[in-house]
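Subject: Structure handover

Hello,

Here is the structure you asked to look at. Please open it first, then read my notes below.

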Amino acid sequence: MHKVSVYIPAYNAGEFIARAIEGVLAQSLAPDEILVIDDSSTDATRDIATRYAGVKLVRHDRNRGLAATRNTAFQSARNDLVASLDADCVAESRWLEHLVPHLSDLRIAGVGGRRIEGVQRTAADRWRRAHMPQEWGEEPLRNPRFLFGCNNLFRKSAVLQAGGYDESMRTNGEDIDLSQRLREHGGELVYEPAARATHLRHDTIHSILETYWRWWRFGVRAYTNGVRLRSVLGHAVFVHFRHTFLEFVRRDLRARRLDLLGLDLLALGYFPYRDFRLWLAAQSGGTPRRISSEI
């Protein structure tokens, strides 16, 4: 059996990091290496992580974003099989046991698991489960559209060959972008729903709308250099209203999630507002950065 490095990307994750680490330590297939990549947290994340024997802490001297944190993990990992678990997720005990066998097929570049929403206290939490699921269902899939970043296992060699994570995306969409480039380089992907991790996050109305906007906007890579104002206006009318808002309402009415309709309506106004702010920021330009394949 191949040795596996597991990394947990963390930024101000003090509320969750202990449970994430303990879940990795309890795996039926023990990892060879456990890394916590701290993106210059200002809370107790670093102190908590260093309490665990066998956990190596790698710390950024400044906040660089999730994509850069993932690149640091692949630079630091000593094994070719590198698994990732978000800091606010707890992996079930057979998580790695379900992921690793898929990599015995050399055509497979990566395999991803299923995220289960563990917190459903507020309407924002329930909206996240309804409209931001990070899973592809209950059946295994060969070559899903992409692998979610929250829990997965990749070949380090394949990730480096594809150029690593696009650091210009910072916190969202980096998983979709990497999956696309892995496929372009001939790698295949697998979704394995038996590899489960429970999500511990809890949201407010503002945090869930902002998270969804970033997740959708950067995931589809709709904004790069040269964004025009009229594309923002067109997007507000033809996508946010016709696709996002109407689709959310249709789903929630069908599922009788009437408590989520107010958030659907708020999203209709919030998303165009954030599009416009992004358009203003895009006028300064920007250059994508990726890690070298020669690391």
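Start with His202. Leaving aside neighbours within four places in sequence, His202 is in contact with Glu15, Phe16, Val119, Arg121, Asp125 and Arg128. Contact means heavy atoms within 4.5 Å. His202 is found in the loop between strand E9 (188-199) and helix H8. At 35% relative accessibility, His202 counts as partly exposed. The scale works like this: buried is under 20% relative accessible area, exposed is over 50%, and partly exposed is in between, with a 1.4 Å probe and protein chains only. His202 and Arg126 are 76 residues apart in sequence, yet 9.7 Å apart in space, C-alpha to C-alpha.

A word on the source. This is a predicted model, in which local features need pLDDT of at least 70 and side-chain atom pairs count only at pLDDT 80 or more, while totals for chains, interfaces and linings use all residues. Residues are numbered from 1 along each chain as its sequence is written, and side-chain values use heavy atoms, with hydrogens and water left out.

The whole chain

The chain has ten helices and nine strands. These are DSSP runs, numbered from the N terminus: helices are H or I with at least four residues, strands are E with at least two. Of the 295 residues, 54% count as buried. Take the contacts between residues at least 6 apart in sequence: 78% of them join residues at least 24 apart.

The largest pocket

How much space lies in the largest pocket? About 1000 Å³. Rolling a probe the size of a water molecule over the atoms shows where empty space is left. Here a 1 Å grid is laid over the protein atoms alone; a pocket is an open set of points where a 1.4 Å probe fits, with protein on both sides within 12 Å along at least five of seven lines. Grid points are joined across faces, edges and corners, and the volume is the space filled by probe spheres set on the points.

The lining has 36 residues. A lining residue has an atom within 4 Å of a point. Leu66, Asp86, Asp88, Thr171 and Arg201 lie nearest the centre of the pocket. Strand E1 (4-10) and helices H3 (66-76), H7 (174-184) and H8 (205-219) each supply at least two lining residues. H8 gives the most, with six. By class, the lining has ten nonpolar, 13 polar and 13 charged residues. Nonpolar covers Ala, Val, Leu, Ile, Met, Phe, Trp, Tyr, Cys and Pro; charged covers Asp, Glu, Lys and Arg; the others, Gly among them, are polar.

Look at H3 next. Eight of its eleven residues are buried, so H3 is largely enclosed by the rest of the structure. Among the buried ones are Ala67, Arg70 and Phe74. Arg70 also lies over the face of Tyr165, at 5.8 Å from the ring centre. The rule is that NZ of Lys or CZ of Arg is within 6 Å of the ring centre and within 35 degrees of the ring normal.

Aromatic rings

How many aromatic pairs are there? The count comes to eleven. Rings of Phe, Tyr and Trp (its six-membered ring) pair if their centres lie within 6.5 Å; planes under 30 degrees apart are stacked, over 60 edge-to-face, and the rest tilted. Tyr212 and Phe271 are stacked, at 5.4 Å centre to centre and 25° between the planes. Tyr212 lies in H8 and Phe271 in helix H10 (residues 261-282), so the pair ties together parts that are 59 residues apart in sequence. Both Tyr212 and Phe271 are buried. Tyr270 and Phe271 form an edge-to-face pair, at 6.4 Å and 70°. Tyr270 is buried too, at 13% relative accessibility. Trp127, Tyr212, Phe248, Tyr270, Phe271 and Tyr273 form one aromatic cluster.

H10 also holds Asp275. At 0% relative accessibility, Asp275 counts as buried.

Two backbone points

Most residues other than glycine have a negative phi. Asn12 has a positive phi, near 50°. Asn12 is found in the loop between E1 and helix H1 (17-25). Arg256 has a positive phi of about 60°. Its place is the loop between helix H9 (229-254) and H10. Arg256 counts as exposed, at 72% relative accessibility.

Best wishes
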